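Hi everyone, thanks for making time for this. Let me put the sequence and the model up on the screen, and then we'll walk through a few spots together.

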Amino acid sequence: MFRSRRAAVLAGGVALTLALAGCAANSGGGGDQGGGQGNRPDIPAVTSLPVPANAANPAGNGQATCAPTTTIAYAGAKTGSNAQLGVNIVNGVQLAVNQHNQANPNCQVQLKQFDTEGTPDRAPGIVTQVASEQGIIGVVGLPFSGESKATGAIFQQAGLAHLTPSATNPALTKNGWTTFFRALANDNVQGPAAAKFMSGKLGAKKVCVIQDDSDYGTGLAKATNDALASSGVDASCQDKVTTGQKDFAAVVSKVVAAQPQVVFYSGYYAEGAPLDQQLSNRGFNGTFLGPDGVKDAEFIKLAGDASNNAFFTCPCTPGELVPQFADAYKGVSGGSAPGTYSLEGYDSTTILLKAIDSGAKDRAAVLNYVKNYNGAGYSKEFKWDATGELATTKVFGYKVDNGQIVPIGEIS
């Protein structure tokens, strides 16, 4: 997701057995006869998530030693229109560093944070600054696909390993970079999962696919449309919006006229929320489905009661279902529960910390450690191929329930 991103789950014999209950087909969707939840299927939430007993812990064995200047970085959005997606990650990063340093008095790893605002225009300058600081030997970021595309060559030239917890555009691993590692499923996994969810659990016969103009939104829309084409779902209703758009009257009119059971919005919550609200105001009573870029509490805040019709897909593991993580996370987030990609940010940071604890002292050593890493995290198994893609991935579903986003289990 994020101007490209997303995530997978636990493998190696600890498969999740989170069953999705059956649901009736959603009929209707257009017209001007009211809004709210309407015909959204009733799919129950799940409340538990198994975690491997051998999941890597950032505390390690407490015996690590390293130079006092040892530094890793977070680079990504901390401000901007979709900042909360980056804040979710950086909180997970900070928690992992805190837990490591508390347990290892002889290895106090420094964390530097750099704000890209999530844009491909600002990110190259920020990443150039990161790369120029030779003391930084590993990076968590960047969250969004567009900024990742714009900066991958800078990381590559610097030999600086960077683990993205959320950038999902499939093309990012086709650039020949050897320093880029994706800690989640890409959109060639999420798109088909979303299509399967719409045609199956949501019972859709007709879908409107609306995409934004980001690398993330356009790539995910293509992957989803390709999958819908072979599913028997009518996805002839298509439209586009632009970043920063607020008035969606033309798009809404098109959707209302098409009368789909589901609107799939391929983009971010900053535009997805007012789109859903305006659809509801015009009487759309079908289901609004957003991907990981929409799955955030900010979507509910911005969309209001209209958000009651929403489901989400996300290659992110629900950190709120891992008590030992969720409870500790509140200590760095001001009491907020883990959000989208918080757990992936935590696991990515843990891998960099394990590299340091193993004796890696420079960028080359950290890069070599990550390339050869093979182990369980709280969110999934981590083992990368030569392009930086994970060997095992999963996609989860979520829904809005009483003003909260809750997981409904695996959908891929």
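Predicted model: local features only at pLDDT ≥ 70, side-chain atom pairs only at ≥ 80, totals over all residues.

Residues are numbered from 1 along each chain as its sequence is written, and side-chain values use heavy atoms, leaving out hydrogens and water.

So, where does Ile408 sit? Ile408 belongs to strand E14, residues 404–410; helices (H or I, at least four residues) and strands (E, at least two) are DSSP runs numbered from the N terminus. E14 runs antiparallel to E13, with six bridges joining the two, and strands count as paired if DSSP finds at least two bridges between them. Lys399 stands opposite Val406 of E14. Two residues separate E13 and E14 in a hairpin, and Asn402 in that turn has a positive phi of about 55°.

Now look at E13 itself, residues 396–401: five of its six residues are buried, so the strand is largely enclosed by the rest of the structure. E13 is also joined to E10, residues 310–314, by four bridges, again antiparallel. Within that pairing, Thr313 has Gly397 as its bridge partner.

On to the disulfides, meaning pairs of cysteine sulfur atoms within 2.5 Å. That rule gives three of them, and counting bonded cysteines along the chain, the pattern is 1-2, 3-4, 5-6.

Cys66 and Cys107 are joined with an S to S distance of 2.1 Å. Cys66 lies in the segment before strand E1 and Cys107 in the loop between H1 and strand E2, so the pair ties together parts 41 residues apart in sequence. Cys66 is partly exposed at 22%, whereas Cys107 is buried at 0%.

Cys208 and Cys237 have their sulfur atoms 2.0 Å apart. With Cys208 in strand E6 and Cys237 in strand E7, this pair ties together parts 29 residues apart in sequence.

Finally, Cys314 and Cys316 form a disulfide too, with 135° about the S-S bond and a right-handed link. And that takes us back to our opening residue: the C-alpha atoms of Ile408 and Cys316 are 12 Å apart.

Notes: Buried < 20%, exposed > 50% of the residue type's maximum accessible area, 1.4 Å probe, protein only.
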